[in-house]
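Have a look at the model first.

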Amino acid sequence: GGGVPGFHARCRPGLGAVCAVAAGGGGGAPAAATELFLCPELEVWPIQDRRSRRCRRRGRTVMPVHSPAHGGGQAAGPQHVGASTAVGGAQERHLQREKQRACVDLISTAGAWYDKDPAARESLAKTALEVVSACPSQVHTICENLVKALSSGAEDGAGALLHINGRTFQSRGDLKAECQQLLRRYEDNAHLEDADARFVLELLSHHPRGPGKSDGCQAVCAGPHPKFPTRCFFVVRESGREDFSYLRCIDNAPTGEIRCQQHICNVLCAILRLHPAACEKTARSIEEKFPPYMGRMGSVERHRNWAQSILFLCSQIQQLTEFLLMVLIRRMVEIDAAIHRMEEQVPDPAAVLGDKQADETALFDHMAQILDANMMLMFEFLQRRLTGAVRDGENQLTKSLLSVFEGTVLLTHRVRCVQFLWFYLASLRPAWAEAFLSVLLQTAYSPAHGMAKRVIAFAYLASFVGRAQFLTTKYALRTAQYVSAFAREGLQAAEFHLAKGEASHPRVVLFLSAVQALCYILCFYAAAFAREEPEGLGGLLPAAGARVCAAEAFSPVLESGCRPLARIARTVAREFCRNVQPHRPQLAAVLRQQLRAEPRADEEVEEPEEGAFHGEAAGLDAFFPFDPYRLRHSSMFLLGIYRDWVAAADDSESEGEAPGGFQGDIAAGPRVPVASHSGTEDEETSDADFTDAADVAERGFIPSVGPSPAFRPRTSADMLDVSPLLVPMETLEDDEAFTLPQASIDVGSNMLHCLLSTPAYKAGADDGRRPVPNTV
């Protein structure tokens, strides 16, 4: 009662309240029904005729409510039921909308998320969750603002402070200097004092494997490392002591900015769990807000914090895992490719380092530090997520990473560092190594893929099998057999095109890529395959006088009239001859004669750069992806799983090639001398965590482990496109006796003998069909 005449309420989706629509008019007006209906939200508008019909047209539920009788029980004119309530509710909602708008504006302020007061940040997070709960239409706006705050970082320098054991350090460089001073203060194997030991142990808590390293600690000491010329800290236990990398602890110590970003990530994860439909737009927003790797905003710390936040989101929200990993790896590939371009032509250093005066070395070092920091985080992410028990989540993550490799890394020209993530991934489980090899083999074999992708897949196969120290000989041999079988299939087509002078034909290039890949593998495994006779080296390179009947035999390819060995990288060909010389001396002599007689394929082209093949004139993109790793700090994860090249000693070669074999021509070059992003580099104190050296036997790579029956280069779909005429047929020797297969039923069993001896069987057999012997 007591409403505003001439107005009634209209519903709007949102709240779900019951309101009354009061008919306006003066006293003595005809009796009218007061319309009561269920509406989500109220909004006042001027009354008009036929309002009930209009409400019905709009889908409203109209319920007549009669007013108390006024003379004979009739309605006594209009009753202004609930009008004041409608007006008051509208004002209240207007205030609520203004409050929500103010909250959204506060959430949109990036600096508010980096407030020094944890209570203020917690209140802001609570406000954000309340807003998305009460008003779902604001979810995308708030998620976008959270991503913006995550990428902007702290505006002042207070976000870079580190707090260790009650002490505050202005930067990671200051913390590193303090640790170096502690190492110099104590003599070898001397225990640290209590205050210094507490400081080092709190620093150790920030190590990725800190809890395990500090378990059972009785003291902390400093001293020389037993294997490397460096000093480091040790955790002393009753059973012995264990070293650890203090620089790795410094790199993982959280600053004020990192703590705030972790809080933002927690809020973002909570919102996405409430509203999973917002994951897609949030992922796109993260992709757009990625910090640039050049310019003043492209600092190493900013990139590291951003990558750490992305990996945290990947571990918390499964829907975002594959896409965010793809985005992060794609950016790392861009940096990796930029470093390669900078080696050829360095841009203006001011474009990267602002007004700072820097030379080309500083520019190159800046880019390498960004890539090294991101590779450290990715290796630690894989180590943390995949080194435990294998469950569905771990297999799904592996599948996502292989998908990212096939769609991003495999298509990128001359990536030098990022692909080692999959090298490390394959070293964690034999099944994952087989999955990685299967991706490469199926890509190389499948005609559905482009020619360039198939060629680089062969390069990945050769480089991975040759450099993977953890890979068993059985896996390497089966892969070599598949590559050899592919070369045999393409031999006839290659000979046809080479006879016509079409050395750059795609089929010739693909054929030579397979030849080059197998020669590269045999440079590393010739001796190991020789110990696997007769299926090993004897199957690939049959001895002199032996009949070639196996489909994977490589000798017919090498002895072909097109001389493929002279058309691949000259260094690979020479090293191949050196390594097969002790096992197949006659074959090695013939091949060396071919190399001397055949002119080099690159005589009329420029001398290739270091690490390039000499067969580029034939269309080969000479590139071995797993040449020596070039980033210093993240290389600790390859200890124990990477095989360095050792040249075979051979004095018979006199063509004047540089000593060291592959080191001179195929290695990718010297390791990038990047400084730690913790501060300046100190060669006397190594930052390598030597205890991370892998024990491949504990991971399942024992000599008896071999490929599964599912390990094959062709899928069922690919087999439909293969003509049986392309596959070499196996033949029988002339003197081989032809024999029937053995019976699958044991005819000497007592039961079968009894059945054949029954009178019923004898009676049926005696009907004139055929005689039956009494015994079988």
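Buried means under 20% relative accessible area, exposed means over 50%, and partly exposed is in between (1.4 Å probe, protein chains only). Bear in mind that this is a predicted model: local features need pLDDT of at least 70, side-chain atom pairs count only at pLDDT 80 or more, and totals for chains, interfaces and linings use all residues. Residues are numbered from 1 along each chain as its sequence is written, and side-chain values use heavy atoms, with hydrogens and water left out.

**Helix H6**
- Helices are DSSP runs (H or I, at least four residues), numbered from the N terminus.
- H6 covers residues 194-204, and its buried residues are Asp-196, Ala-197, Phe-199, Val-200, Leu-203 and Leu-204.
- Down the axis of H6, these buried residues fall within an arc of 160 degrees (taken from the directions from the helix axis to the C-beta atoms), so they line one face of the helix.
- Asp-194 and Arg-198 are exposed on the other side of H6.

**Ser-463**
- Ser-463 sits in helix H18 (residues 451-467) and is buried, at a relative accessible area of 0%.
- Beyond its neighbours within four places in sequence, Ser-463 is in contact (heavy atoms within 4.5 Å) with Tyr-520, Phe-624, Pro-625, Phe-626 and Asp-627.
- A polar atom of the Ser-463 side chain lies 2.8 Å from the backbone nitrogen of Phe-626.

**H18 against H20**
- H18 packs with helix H20 (residues 506-530) at an angle of about 5 degrees, and their axes are 8 Å apart.
- H18 and H20 are therefore roughly parallel (angles under 35 degrees).

Technical notes: Helices (H or I, at least four residues) and strands (E, at least two) are DSSP runs, numbered from the N terminus. A polar contact is a pair of N or O atoms within 3.5 Å; within protein, one must be able to donate a hydrogen and the other to accept it, and residues adjacent in sequence count only if both atoms are side-chain atoms. Axes are lines fitted to C-alpha atoms, for helices over the stretch in contact, and angles run from 0 to 180 degrees between N-to-C directions. Angles under 35 degrees count as roughly parallel, over 145 as roughly antiparallel, 65 to 115 as roughly perpendicular and the rest as oblique.
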